[in-house]
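Take a look at the model below. We will go from its core to its charged pairs.

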Amino acid sequence: GTLRADRKTRLLKIGFILDRQEAAWDQSLEELRLFAKANGGVAHVPRGDPERRDLGKWCNTQRQLEKTGKLRADRKALLLQVGFVFDLQEAALQEPASVDREAAPCR
């Protein structure tokens with residue numbers, strides 16, 4: 001059924017999660033923001049890093065969704081706000097030689 005607007009508002013005020021997929025996406029975006037902040041504003045998620053494997057997979061999923069036109073515009077805008085790189089080949093061409101080439105840019 002449909003949840004009345006007043007009930008939905010009350011549930012949201014107490015922190016109730018109505019959409020688990022949306023909440024999981026928001027959590028991954030926040031993890032990316034924190035990662036970028038901890039790395040001087042640049043988020044390079046290293047390949048093979050067991051601590052960041054899930055974040056790297058999530059980044060790749062966002063790239064694939066964007067490439068196939070399935071990434072929602074609001075999500076793309078949020079990713080761009082944190083400096084997310086959708087085209088890794090183009091980013092690699094623009095990176096200075098001092099950047100670790102084993103890192104997969106996710107900024």
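Leaving aside neighbours within four places in sequence, which residues is L29 in contact with? They are W58, L78, L79 and V82. Keep in mind that this is a predicted model.

L29 belongs to the largest nonpolar core, a set of 13 residues. L29 is also among those with the most contacts inside this core, together with L32, L55, W58, C59, L79 and F84. Two elements give two or more residues each: helix 2 (20–38) and helix 3 (53–67). Helix 2 supplies the largest share, four residues.

Now turn to the charges. The structure holds six salt bridges. One of them pairs E22 with R75, with the closest N and O atoms 3.0 Å apart. This pair links distant parts of the chain: E22 sits in helix 2, R75 in helix 4 (residues 73–81), and 53 residues separate them. E22 is partly exposed, at 23% relative accessible area. R75 is buried, because its 15% falls under the 20% cut-off.

A further salt bridge joins the side chains of D74 and R72, at 2.8 Å from N to O. Shared partners then tie E22, R72, D74 and R75 into one network. D74 is partly exposed, with a relative accessible area of 41%. R72 is partly exposed too, at 36%.

E30 is partly exposed, at 35% relative accessible area, and R33 is partly exposed at 32%.

How values were computed
Residues numbered from 1 in each chain as written. Predicted model: local features only at pLDDT ≥ 70, side-chain atom pairs only at ≥ 80, totals over all residues. Heavy atoms only, no water. Core = buried A, V, L, I, M, F, W, Y, C linked by side-chain atoms within 4.5 Å. Buried < 20%, exposed > 50% of the residue type's maximum accessible area, 1.4 Å probe, protein only. Contact = heavy atoms within 4.5 Å. Salt bridge = Lys/Arg side-chain N within 4 Å of Asp/Glu carboxyl O.
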